[in-house]
Amino acid sequence: MLESGNIVLAGGLLIGLVYGAVGLLSGFCLLSGLRGWGGDGDGRLIRTYALALGVAIAGTQLLAARGIVDLGKTIYLQPSFAAPMIFLGGALFGYGMVLANGCGSRALVLLGRGNLRSLVVLIVLGIVAQMTLKGLIAPPRIALTQATQATPPAALLPALLSASGIGEAFARTIAAVAVSGALLAFAFAHAPFRQSAGQIAAGLAVGLLVVGGWSATGYFGADEFNPVPVTSLTFVAPVADSVQYVMFSTGLSPSFGITLVVGVFAGSLVTALATGRFEFEGYKSPQHMLRSIGGAALMGAGGAMAYGCSVGQGLTGLSTLSLASFIAVAGILIGSAAGLRGALRVQSLAA
């Protein structure tokens, strides 16, 4: 029998391996989905993301309703939070995602395929995230967070509904069914998506991986004498922790997030080699590199401020139905929209 700590580490590695393979084969990415939805690419990708989110919400809320996982132990369900900071962090992350042409999870997947640009993105993202969490940028972040922090009447969408007199269990069911049902309806209303078995499988797989992460850290690896953070798929803090662990492993212990990062890279690498997709790629110009570095820095700082990324908040956070996660994702979407359209649009380097 594995000890609880080893179960958590093994769970992170296994989930990462599957995510890396699925991400490479399907092109799973919020940014690609938004671009396709806007008419510039494959309109199925945003439906894949919606399906993953719908499955993650349904599965996560089922775990919580059965008492299998205590979501109250996660960072997403804090009774007090700084909504302006979370929104601003999400917006910075969204805009940085457009500049860097992908989020942290996508960079890990592409690195496994031989994309050396992603290595630069991950290193810069990890360093700036660590600076924002614990380094030079931490004091102003903490001060602004304390200045804007508030305690809302409810931190969860179900709790907001139950405040109107509905029972807690019934409110959770209504919220989960309504949100996940709307997402599934949006996904399957698109005929090309319904005909794409690969994209449907990818959406189901990623959604179940979120549920698997909660189960690994909140149930199978739970230990009262050696507690571990209850978490699931997220990449900003884990990338930052991985960079730190590579540099100062002596005295540090691996975590679910670190093994998740290793697993995503390994899963993508093995899949790329097995399918003949591995190919080294680099920057085309100094301007390309500068834009990528700037985007990675914004993602690192913004992701730390928002407590997550397009996966950490966009899938894992929203699966808890946390109001703070809805605020963070609104910021990510607005920041991405600003980078894709309008006066602040990120122009093509070729132009």
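**Where two helices meet**

I looked up a contact first: Ala-83, Pro-84 and Met-85 in α4 meet Arg-141, Leu-144, Thr-145 and Thr-148 in α7. Contact here means heavy atoms within 4.5 Å. I sorted these residues of the α4–α7 contact and got four nonpolar, two polar and one charged. (Ala, Val, Leu, Ile, Met, Phe, Trp, Tyr, Cys and Pro count as nonpolar, Asp, Glu, Lys and Arg as charged, and the others, Gly among them, as polar.)

Before going on, I noted that this is a predicted model, where local features need pLDDT of at least 70, side-chain atom pairs count only at pLDDT 80 or more, and totals for chains, interfaces and linings use all residues. Residues are numbered from 1 along each chain as its sequence is written, and side-chain values use heavy atoms, with hydrogens and water left out.

Next came the geometry: α4 (residues 83–100) and α7 (residues 138–148) pack at about 130 degrees, with their axes 7 Å apart. That makes α4 oblique to α7. (Under 35 degrees counts as roughly parallel, over 145 as roughly antiparallel, 65 to 115 as roughly perpendicular and the rest as oblique; the axes are lines fitted to C-alpha atoms, for helices over the stretch in contact, and angles run from 0 to 180 degrees between N-to-C directions.)

**A buried helix**

How many residues of helix α5 (residues 104–112) are buried? I found nine of the nine, so α5 is largely enclosed by the rest of the structure. Buried means under 20% relative accessible area, exposed over 50%, and partly exposed in between (1.4 Å probe, protein chains only). Among the buried ones are Arg-106, Leu-108 and Val-109. The buried residues of α5 pack against several helices, including α1 (4–26), α6 (116–134) and α14 (286–306). Just after α5, I spotted Gly-114 with a positive phi of about 105 degrees.

I also checked Arg-35, which sits in helix α2 (residues 30–40). At 28% relative accessibility, Arg-35 counts as partly exposed.

**The whole chain**

Technical notes
Helices (H or I, at least four residues) and strands (E, at least two) are DSSP runs, numbered from the N terminus.
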